[in-house]
Amino acid sequence: MSTLHRSPTGYIYIKYWDRYKGGNGNHGSAVNYRYGELLLLYAEAMNEAYSASGEIRNALTQLRARVGMPAVTETTNPTTESLRKLIRNERVVELLGENKRYWDLKRWHLFEERLNRKQYSMHIARTFNPDGTAATYMDKLTIPVSLDGSKTEVFEIPNGANGGELINTTVFPGDKYYVWPIPESALLTSKTNALKQHPLWQ
């Protein structure tokens, strides 16, 4: 693989990196929304408003066809719930590194499910069980450490064979963090105290 198609360390996204500008800082227009995201927004809105339909499956099939993935059919995703699950997963895959995940979890009220968890040191699956769960993990990682890729180093993954070591336990504080408080400056300048703080932040 050309070194133009990977980062020197392997730890950063190169999704919007214009690899053919020679590093001169000329990156062209910023990408705000892509057609792929519009298809996902459309599918999600239609699914939540009108439930499962062929129109939704067609939008998702169009999205997946770009990379040779199987079509979404009534057999594979017959219900609103199954389409909801698929749409959410497609957003994770399609929009990786595009700063959408926070807003998705906030909109879906999934912070508790995703944030109330134990976090482990980096662990990368090596083999998988039939159900898709990890069977074994890598215990070492070889990473290019020179820009031309000619030099690499091997890094050990802490307890990688067992899926990493516990480094942190996160807890989502509660419903108040699904909304933002009204700034104190706005409350103080509100005439006749007409503006009130959100009940969850009082």
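Predicted model: local features only at pLDDT ≥ 70, side-chain atom pairs only at ≥ 80, totals over all residues.
User: Which helix is leucine 40 in, then?
Analyst: Leucine 40 sits in helix 1, residues 35-50.

User: Is leucine 40 buried or exposed?
Analyst: Buried, because its relative accessible area is 0%, and the cut-off for buried is under 20%.

User: What does leucine 40 touch?
Analyst: Leaving out residues up to four places away in sequence, leucine 40 touches Leu60, Leu63, Ile87, Glu90, Arg91, Glu94 and Leu95. Glutamate 90 is 50 residues away along the chain, with a C-alpha separation from leucine 40 of 7.8 Å.

User: Switching to arginine 57. Where is that?
Analyst: In helix 2, which covers residues 54-65. Arginine 57 is buried and has no salt bridge.

User: Which side chain of opposite charge is nearest to arginine 57?
Analyst: Glutamate 74, at 4.9 Å.

User: What polar atom lies by the arginine 57 side chain, then?
Analyst: The backbone oxygen of proline 78, which is 3.3 Å from a polar atom of that side chain. Beyond four places in sequence, the contacts of arginine 57 include Ala52, Val72, Asn77 and Leu83.

User: And helix 4, which residues are buried there?
Analyst: Asp104, Leu105, Lys106 and Trp108, within a helix of residues 101-108.

User: What do they pack against?
Analyst: Helix 1, helix 3 (80-94) and helix 5 (111-115).

User: What comes just after helix 4?
Analyst: Histidine 109, with a positive phi of about 55°.

Methods:
Residues numbered from 1 in each chain as written. Heavy atoms only, no water. Helix = DSSP H or I, 4+ residues; strand = E, 2+ residues; numbered from the N terminus. Buried < 20%, exposed > 50% of the residue type's maximum accessible area, 1.4 Å probe, protein only. Lys, Arg positive; Asp, Glu negative; His and termini not counted. Salt bridge = Lys/Arg side-chain N within 4 Å of Asp/Glu carboxyl O. Polar contact = N/O pair within 3.5 Å; in protein donor to acceptor, adjacent residues only side chain to side chain. Contact = heavy atoms within 4.5 Å.
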